[in-house]
Amino acid sequence: MKEYHFQIVNDLFKDPKEVSGQLNSLFNELLIKASQKGEYDFVYDQVIGFGEIISSTLVHNFFLSEELNSEWVDSRKYIHTDSLFAKVR
C-alpha cells in the first residue's frame, strides 16, 4: 500500500519531497495505530480512516501544485464518536 501511494506521488509531482514527507508521517502514524493491542473492532476503528486521510492529502497537495486554492482539514478534529465500536463481520 505504501509503495502504491509513493508511486502516485512520484508520478504526479515534479518535486515529491514535501508530499513524501507528509505521507511518511501518516504511514508512521498508521503503523502505530495498527500495532496497538486490543479488541479487533477498536483497532479497526483506529486504522480505517487513514485511507481517506492519505488520499485527501494527495489530492490537496496536487491542487496546490496546480496553483489551485485548497485547504486540507483534518476531519479527526471535528468528528467525534463514542467508545462503542462497530462490529466488523
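**Labels on a helix**

Modeller: Let us start with H5, which is buried, with a relative accessible area of 12%.

Colleague: Why is H5 called buried?

Modeller: Buried means under 20% relative accessible area, exposed over 50%, and partly exposed in between (1.4 Å probe, protein chains only). H5 has 12%, so H5 counts as buried. One caution: this is a predicted model, where local features need pLDDT of at least 70, side-chain atom pairs count only at pLDDT 80 or more, and totals for chains, interfaces and linings use all residues. Residues are numbered from 1 along each chain as its sequence is written, and side-chain values use heavy atoms, with hydrogens and water left out.

Colleague: Where is H5?

Modeller: H5 sits in helix α1. Helices are DSSP runs (H or I, at least four residues), numbered from the N terminus. In α1, residues 2–12, the buried residues are H5, F6 and V9.

Colleague: What puts them on the same side of α1?

Modeller: They cover an arc of only 95° around the axis, so they share one side of α1. The arc is that of the directions from the helix axis to the C-beta atoms. On the other side, E3, Y4 and D11 are exposed.

How values were computed:
Helix = DSSP H or I, 4+ residues; strand = E, 2+ residues; numbered from the N terminus.
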